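Me: I would like to go through this model and ask what stands behind the labels put on it. Please set each value against its cut-off.

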Amino acid sequence: MISNQILQSTIDGLKNITRKELSVVEKEGKVIATTEENMIGRQIDAVENFISSPAESQLILGYQYFKIYDNGVPEYVIQVKGEDEAGYQIGKIAAFQIQSLLVAYKERYDKDNFIKNLLLDNLLLVDIYSRAKKLHIENNVHRIVYLIETNIDKEMNVVEIVRSVFPAKTKDFVTAVDEHSIILVKELKEKETSDDIDRIAKSIEETLNTETNSRVYISSGTAVADLKDVSRSYKEAKMALEVGKIFETDKFIVNYEKLGIGRLIYQLPLPLCRMFIKEVLHGLTMDDFDDETLATVNKFFENNLNVSETSRQLYIHRNTLVYRLDKLQKMTGLDLRNFDDAIIFKITLMVSKYMIYMDKMAY
């Protein structure tokens with residue numbers, strides 16, 4: 001169904017051109033969009049009688065009324081103030097305009113409904129291809145799913161903002177999952193790379209940040225070549241969003257293919273994680289390590305275990321860094337200058353992050 005905002009925008013535009021006062025009335029008689037300030041929300045009793053009559057238009061108490069149909073059934077009524085011929089012509093034009101919008105939005109609704117069911121695996125394989133054919137949606141096209149999460153006020157039409165990023169792309173689908181999650185099923189060209197996929201996400205982020213002045217998170221799944229696999233890309237995008245919140249806290253765009261080891265840790269059962277931490281740290285927890293030690297370790301990892309570069313970036317003497325690494329070795333038995341030990345402790349840090357996140361989610 002067309003939103004009241006779209007109806008209001010349409011008749012506002014018509015009034016600017018024609019200088020005529022117009023209203024859109026529900027078939028039950030309630031005014032839902034109008035250019036007359038005192039008309040909004042008013043109940044017009046004559047509309048129900050008009051709806052049930054065979055007349056296409058009618059003149060009642062200084063207003064002209066015109067029916068708008070949905071599949072042959074009256075859905076709305078256009079009200080035009082004035083009894084003149086110009087008002088009649090404007091009413092016919094307004095009814096035609098809104099009826100065209102109704103058809104377009106209904107087609108979009110049908111496609112949105114299909115895409116939602118496709119993403120949620122609610123369709124049989126045979127239904128996917130038959131319904132796609134009826135809706136003129138191609139099958140063997142490369143597509144990828146982006147998941148956009150935002151805390152933007154629900155009064156803002158974020159879906160329409162995202163759609164505006166791809167105004168000429170009729171083969172892309174944008175739909176809302178809930179108040180805070182939006183899905184973009186994007187058609188890809190064969191030569192588009194992982195960097196191109198990230199650039200698309202960046203353009204969405206920049207548009208939403210500019211239009212709404214609010215922070216958004218965007219994740220992407222992998223590219224698929226068959227319509228039936230779109231749901232897999234969606235599940236990957238969902239996982240990427242969660243994994244990004246755990247292990248990539250400084251990033252707002254996350255690509256499933258670039259998650260690395262975090263993707264594996266995310267799928268581990270918590271009892272196994274607890275057992276691993278206990279065995280590696282010999283009964284210690286991450287709370288037993290001070291912030292200075294952990295900051296040093298993270299910087300050491302960032303610099304690929306390079307002692308000189310790490311000490312330079314931390315503005316400390318090389319011997320101070322060695323002392324901190326020796327202190328950690330005494331606590332854990334792990335020498336981070338050794339590659340294998342460094343891997344074990346890196347995984348330990350990530351597993352701890354995962355456990356903390358899951359414990360928070362439980363509450």
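Me: Which domains is the chain divided into?

Reply: This is a predicted model. Its chain is divided into domain 1 (4-104), domain 2 (138-264) and domain 3 (269-362). The centres of domain 1 and domain 3, taken over C-alpha atoms, are separated by 68 Å.

Me: What does UniProt place at residues 294-348?

Reply: An unreviewed UniProt entry gives the feature "domain: PucR C-terminal helix-turn-helix" there. In the model, the span 294-348 is 76% helix and 0% strand, and its end C-alpha atoms lie 12 Å apart.

Me: Why is α7 described as largely enclosed by the rest of the structure?

Reply: A residue is buried when its relative accessible area is under 20%. In α7, 13 of the 18 residues are buried, so the helix is largely enclosed. Helix α7 covers residues 230-247 and reaches 25 Å from its first C-alpha to its last, close to the 26 Å expected at 1.5 Å a residue.

Me: What makes Glu-36 and Lys-81 a salt bridge?

Reply: The cut-off is a side-chain nitrogen of Lys or Arg within 4 Å of a carboxyl oxygen of Asp or Glu. For Glu-36 and Lys-81, the closest N and O atoms are 3.8 Å apart, so the pair qualifies. The pair links distant parts of the chain, 45 residues apart: Glu-36 is in the loop between β2 (31-34) and α2 (46-52), and Lys-81 is in strand β5 (residues 73-81).

Me: Is Glu-36 called buried or exposed, and why?

Reply: Glu-36 has 9% relative accessibility, which is under 20%, and therefore counts as buried. Lys-81, with a relative accessible area of 41%, falls between 20% and 50% and so is partly exposed.

Me: How do you know that Lys-186 and Asp-172 meet in a salt bridge?

Reply: Their N to O distance is 3.6 Å, and the limit is 4 Å. Lys-186 lies in strand β8 (residues 181-187) and Asp-172 in the loop between α5 (158-164) and β7 (173-176), so the bridge ties together parts 14 residues apart in sequence. Both Lys-186 and Asp-172 are buried.

Me: Why is Arg-337 called partly exposed?

Reply: Its relative accessible area is 35%, between the 20% and 50% cut-offs, so the label for Arg-337 is partly exposed. The side chain of Arg-337 meets that of Asp-335 in a salt bridge, at 2.9 Å from N to O.

Me: How many salt bridges does the structure hold?

Reply: The structure holds 22 salt bridges.

Definitions and conventions. Residues are numbered from 1 along each chain as its sequence is written. This is a predicted model: local features need pLDDT of at least 70, side-chain atom pairs count only at pLDDT 80 or more; totals for chains, interfaces and linings use all residues. Side-chain values use heavy atoms; hydrogens and water are left out. Domain bounds come from an automatic or database domain assignment. UniProt positions are given in the numbering used here, feature names are shortened, and annotations may be inferred rather than shown by experiment. Helices (H or I, at least four residues) and strands (E, at least two) are DSSP runs, numbered from the N terminus. The expected span of a helix is 1.5 Å times one less than its number of residues. Buried means under 20% relative accessible area, exposed over 50%, partly exposed in between (1.4 Å probe, protein chains only).
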